[in-house]
Amino acid sequence: MVEINTIKNKLKREELYQKQKNAKAKAKRDRRTTLQKEESSNPEKKEKRLAENVPNTLENTREFDETIVEEDAEVAADEATDEFSQYFQNGLTPKILITTSKGPSASVYEFATELVDIFPNTHFVKRKPQFEMKHIIEFSKNRDFTDIMVINEDRKEPNALTLIHLPDGPTAHFKLSSIQLSKDIEGHGRTSSHKPELILNNFNTRLGHTIGRMFTALFPHVPEFQGRQVATLHNQRDFIFFRRHRYVFKNAKRVNLQELGPRFTLKLKWLQKGTFDRKGEHEWMFKPEMETSRRRFFL
Amino acid sequence: MSSQRFYTGDEQGLVKVVTITEPIVVKPKRVRRNQPTPEAPPKPVPTVETWGVPDRERAIQLMCWDFEKKHLAVARKNGLVQLLDPKEGGVVVTEFKHTLGKEGKVDTVFVGLFANSESIITCTNTGRLVVQSIADQSKTTVLEVGKDICRMRVHPREHHIVATGGKEQELTLWDLKALCKDTTEEIPEPAKKGKKNNKKAAAAPTPVPEKKAGGAEARYKSKEILANGQLFKAKNVKNDHLDLRVPVWNTDLQFLNQYDTSRIAVGTRNHQIRVYDLKGGARRPAIDAEVGEMPVVAMTNGKDGSEIVFSDTVTNVYSVDTLTGAIIGQYKGN
């Protein structure tokens with residue numbers, strides 16, 4: 001067979017190329033139909049083929065990370081006595097304060113309204129220019145708040161979220177992106193005041209565990225299953241996707257979902273051990289130099 | 001086959017001994033053509049030995065070798081100061097309990113730890129310096145070295161010379177022998193400014209290093225007289241370009257010279273590295289360099305006093321030349 005790229009005549013070259021392309025497509029079609037026929041009679045063959053041909057993705061070729069937690073007694077002992085043990089062991093009800101950066105715009109207030117709806121027992125407080133973060137933290141501690149969320153704004157849109165666990169819990173700063181409010185989601189459902197269930201996916205490393213526990217401590221301990229509402233925080237490649245759904249079981253195998261509430265994405269920028277302190281030590285800080293490989297993730 | 005051993009202490013109170021041995025790499029003979037590429041050499045595998053059980057009350061605040069490098073001194077959150085024997089698997093050789101209360105809203109923490117064969121010297125951030133004799137449990141000397149101390153270090157050779165620094169506390173060198181003499185009497189707070197009315201005769205260990213001599217004294221209203229036991233007290237740098245007082249917050253310090261107390265490096269919360277030269281009698285730093293953007297957290301000596309390696313609050317490690325104040329290198333950690 002002559003190499004197509006050596007033919008100088010464009011018409012002839014195009015003709016031959018089309019023939020080659022069609023032959024390839026036909027070969028693929030034939031292979032797939034024979035495979036379908038075989039597998040419809042023999043489902044085990046299909047399972048075998050699927051099990052063997054697992055495609056490589058960035059997640060399943062993730063770089064080896066020593067901090068991934070797997071049945072570690074020391075980590076368990078650490079988590080039994082960490083800042084969230086009040087929530088996990090004593091069942092402390094979370095009380096959240098939501099505020100914004102100074103001088104926010106309308107979209108920030110809208111997002112804050114959504115956040116107040118997501119987490120039960122939340123209070124929104126308008127940010128006064130005379131109080132700095134350390135004063136706000138002190139006032140919240142005096143009024144027995146367990147968490148503070150500060151929505152940061154840039155160019156009229158919310159762009160970051162700082163989550164401070166009180167009394168001296170960790171402070172996490174996230175970049176906020178892809179915010180879609182419930183009114184902008186087609187076919188969205190209406191929320192009820194039932195306490196939601198929580199799903200946390202893929203928080204594997206020690207850092208991921210801390211962040212995962214931080215999010216867990218925002219929701220009430222015992223969900224109300226009658227409400228059939230679920231909030232999901234799914235971590236994939238260090239991006240945490242937040243979704244809220246109402247589920248209904250059609251039968252034992254099929255579940256229908258209706259999306260409620262806002263969608264947004266968070267990415268951890270830094271984590272501090274104590275409450276917010278600009279000059280305090282950071283336990284983890286994201287720096288672009290850390291992105292050494294596409295298969296390296298930190299959460 | 002070389003190996004390195006690291007001793008780490010954490011906030012769970014565990015001391016871990018990490019031994020990393022370089023594996024013996026057999027260099028392959030000359031690889032001929034068309035041979036399969038040799039495997040990557042084996043990576044060094046660390047072995048970890050853990051001492052203790054997790055307990056947050058026994059969190060380790062400070063850890064250091066004693067002077068003879070035989071025992072590991074450890075200062076814990078609940079006030080326990082222990083000497084551990086590494087050869088016996090971290091067995092506690094000696095143990096002392098200090099009371100660390102709460103000053104208002106701030107916890108009292110250890111800021112200085114030193115041990116030699118006779119005594120253990122510890123200091124808390126409230127300025128309570130305790131010299132505890134190892135042999136005799138009851139022989140304890142408690143001294144006051146000011147308040148809001150961030151770091152106390154003992155000179156490696158002259159174990160009676162101690163340097164402290166902290167928030168609004170300039171670098172001060174203390175002579176423990178002189179301080180000890182007055183423990184029975186009332187110990188005044190070290191003077192910052194103004195003539196201090198000393199009730200007792202000062203031990204006068206060294207002459208007060210002042211910039212102006214003799215006859216000019218009459219013109220100056222405030223003359224700092226070193227309080228009892230102080231060998232040297234640094235002076236704040238000149239006002240900045242707006243003629244405002246530069247705030248003082250020393251976070252860590254190190255003795256640069258192993259034999260005498262001539263050069264001391266100090267790191268501050270405003271990411272400055274200052275080197276004081278005591279030989280010339282100057283109280284202001286000889287070198288004042290701004291390095292990095294975040295406060296200095298920990299400092300250590302590089303090679304023989306000409307280099308300081310320090311870390312800041314955001315995973316950076318810098319190496320600074322103490323003779324010029326320039327950065328030699330930086331590790332942008334992750």
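This is a predicted model: local features need pLDDT of at least 70, side-chain atom pairs count only at pLDDT 80 or more; totals for chains, interfaces and linings use all residues.
Figure 1. Val125(A) itself is found in the loop between strand 2 (122-124) and helix 6 (133-142) of chain A. Is Val125(A) buried or partly exposed? Its relative accessible area is 38%, and because this value lies between 20% and 50%, Val125(A) counts as partly exposed.

**Figure 2. Two residues of chain A with positive phi that are not glycines.** Asn121(A) has a positive phi of about 60 degrees, and its place is in the loop between helix 5 (106-118) and strand 2 of chain A. Ser178(A), which is likewise not a glycine, has a positive phi of about 50 degrees, but the place of Ser178(A) is in strand 5 of chain A. With a relative accessible area of 39%, Asn121(A) is partly exposed, whereas Ser178(A), at 55%, is exposed.

**Figure 3. A cis peptide bond in a loop of chain A.** Leu166(A) and Pro167(A) are joined by a cis peptide bond, for which omega is about -5 degrees. Pro167(A) lies in the loop that runs between strand 4 (157-165) and strand 5 (171-180) of chain A.

Figure 4. Strand 1 (residues 3-9) and strand 2 (residues 15-21) of chain B run antiparallel and are joined by seven bridges. Which residue of strand 2 is the bridge partner of Ser3(B)? The partner is Thr21(B). Five residues lie between the two strands of this hairpin, and in the turn Gly13(B) has a positive phi of about 85 degrees.

**Figure 5. The interface of chain B and chain A.** Here 19 residues of chain B are in contact with 18 residues of chain A, and the area buried between the two chains is about 1,500 Å², of which carbon and sulfur atoms give 45%. On the side of chain B, Arg56(B), Thr313(B) and Asn334(B) lose the most area to chain A, together accounting for 30% of what that side buries.

**Figure 6. Salt bridges and polar contacts between chain B and chain A.** Three salt bridges are found across this interface, and in one salt bridge the side chains of Glu74(A) and Lys16(B) meet at 2.6 Å, N to O. Nine residue pairs are in polar contact between the chains. The residues of chain B that touch chain A divide into six nonpolar, seven polar and six charged.

Key. Residues are numbered from 1 along each chain as its sequence is written. Chains are lettered from A and ligands numbered from 1 in the order in which they are written. Side-chain values use heavy atoms; hydrogens and water are left out. Two strands pair if DSSP finds at least two bridges between them. Helices (H or I, at least four residues) and strands (E, at least two) are DSSP runs, numbered from the N terminus. Contact means heavy atoms within 4.5 Å. Buried area is the accessible area (1.4 Å probe) that two parts lose on being put together, summed over both. A salt bridge is a side-chain nitrogen of Lys or Arg within 4 Å of a carboxyl oxygen of Asp or Glu. A polar contact is a pair of N or O atoms within 3.5 Å; within protein, one must be able to donate a hydrogen and the other to accept it, and residues adjacent in sequence count only if both atoms are side-chain atoms. Ala, Val, Leu, Ile, Met, Phe, Trp, Tyr, Cys and Pro count as nonpolar, Asp, Glu, Lys and Arg as charged, and the others, Gly among them, as polar. Buried means under 20% relative accessible area, exposed over 50%, partly exposed in between (1.4 Å probe, protein chains only).
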